[in-house]
Amino acid sequence: MKQQLTLTLLAFLFAIEIEGQTVFSHPWAHKRVAYFGDSITDPKNDGSKLKYWNFLQDWLDITPLVYGRSGRQWNDIPRQANLLQKEHGDSVDAVIIFMGTNDYNNGIPMGEWYEEKDEQVEYAHGAPKKLVDRKRRYMKMDKDTYRGRINIALNQVKRMYPEKQIVLVTPIHRAQFHHGEKNWQITEDYTNQCGLYIDDYVNAVKEAGNVWAVPVIDLNATCGLYPMMDEHNLYFHDKETDRLHPNDKGHERMARTLYYQLSTLPCGF
């Protein structure tokens, strides 16, 4: 409780001064932040009473604009972005996208970031310019592949909000989720229908940071939640049936990681 109170006080003090010098200022304090994602972001998901963004709201006085919905995949990001723009226009400081675990579970093929074509282009280097043969790459906008879906989503969001901060968050580790005979999800040590592990989907989000010039927070590596171990049951909704959705304690741990990771990034430009 004492540690949480300290964090809260730090967050609400926009700047702390010692001997006249500013030593701390969290750039996300008092901002309006949109959250896109799936069930881990969805306020209606019953895996926890509080979500990671509730804690950030408390600690940093962030106004959360939440559009995550259970079961959604990367191809839902354009819909969430359109809804944000319809309801709030340009009145947002940053967008956080936390998505990918359902693409893994549904066996979405990985696909490619680019497709190449042979073209001619004018070029000069120590001589008059002339047409030369080169390969040129184009973003592959393929709604049926994971990388293609990320391309479609970020192409839209970055055009909608060129002056806003956009942050990607990798999917976290996942174990079993058993919700009736028609929704029986396996642990991450198994491949999906495409023969891919969750790691492949995590790594693609990290790749997207370089492809699209957006910062990536690797929550998979940094938040510490590891539901494959029984000792980490304390962070998840139900040790027998749901080690996919973090409980309140799990969301708080994720939020503490995000608190410090976000402190290294500007919020809005």
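Author: The crossing in which α5 passes α6 is right-handed; a crossing has that hand if the near helix is turned clockwise from the far one by less than a right angle, and is left-handed if the turn is anticlockwise. The model is a predicted one, in which local features need pLDDT of at least 70 and side-chain atom pairs count only at pLDDT 80 or more, while totals for chains, interfaces and linings use all residues. Residues are numbered from 1 along each chain as its sequence is written, and side-chain values use heavy atoms, with hydrogens and water left out.

Helix α6 covers residues 198-212; its axis and that of α5 come within 11 Å and cross at roughly 40°. Axes are lines fitted to C-alpha atoms, for helices over the stretch in contact, and the angles run from 0 to 180 degrees between N-to-C directions. Helices (H or I, at least four residues) and strands (E, at least two) are DSSP runs, numbered from the N terminus. The two helices α5 and α6 are therefore oblique to each other: angles under 35 degrees count as roughly parallel, over 145 as roughly antiparallel, 65 to 115 as roughly perpendicular, and the rest as oblique. On the α5 side, Tyr146, Arg147, Ile150, Asn151, Leu154, Asn155 and Lys158 meet Tyr201, Ala204, Val205, Glu207, Ala208, Val211 and Trp212 of α6, contact meaning heavy atoms within 4.5 Å. By class, this contact of α5 with α6 holds 9 nonpolar, 2 polar and 3 charged residues. Here Ala, Val, Leu, Ile, Met, Phe, Trp, Tyr, Cys and Pro count as nonpolar, Asp, Glu, Lys and Arg as charged, and the others, Gly among them, as polar.

Helix α5 (residues 146-160) also packs with α3, at an angle of about 15° and with the axes 9 Å apart. That makes α3 roughly parallel to α5. The crossing of α3 and α5 is left-handed. From α3 come Ile77, Pro78, Ala81, Asn82 and Gln85, and from α5 come Ile152, Ala153, Gln156, Val157 and Met160. The contact of α3 with α5 comprises 7 nonpolar and 3 polar residues, with no charged ones.

At 38% relative accessibility, Ser91 counts as partly exposed; buried means under 20% relative accessible area, exposed over 50%, and partly exposed in between (1.4 Å probe, protein chains only). Arg32 and Leu65 are in contact with Ser91, neighbours within four places in sequence being left aside. Ser91 lies 23 Å from Trp212, C-alpha to C-alpha, the two being 121 residues apart in sequence.

A further pair is α2 and helix α8 (residues 248-262), whose axes come within 8 Å and cross at roughly 55°. These helices, α2 and α8, are therefore oblique to each other, and α2 passes α8 in a right-handed crossing. Helix α2 (residues 52-60) has 7 of its 9 residues buried, so it is largely enclosed by the rest of the structure. Among the buried residues of α2 are Trp53 and Asn54.

As to confidence, the protein chain averages a pLDDT of 93, and 91% of the residues score at least 70; pLDDT is the predictor's confidence in each residue, from 0 to 100.
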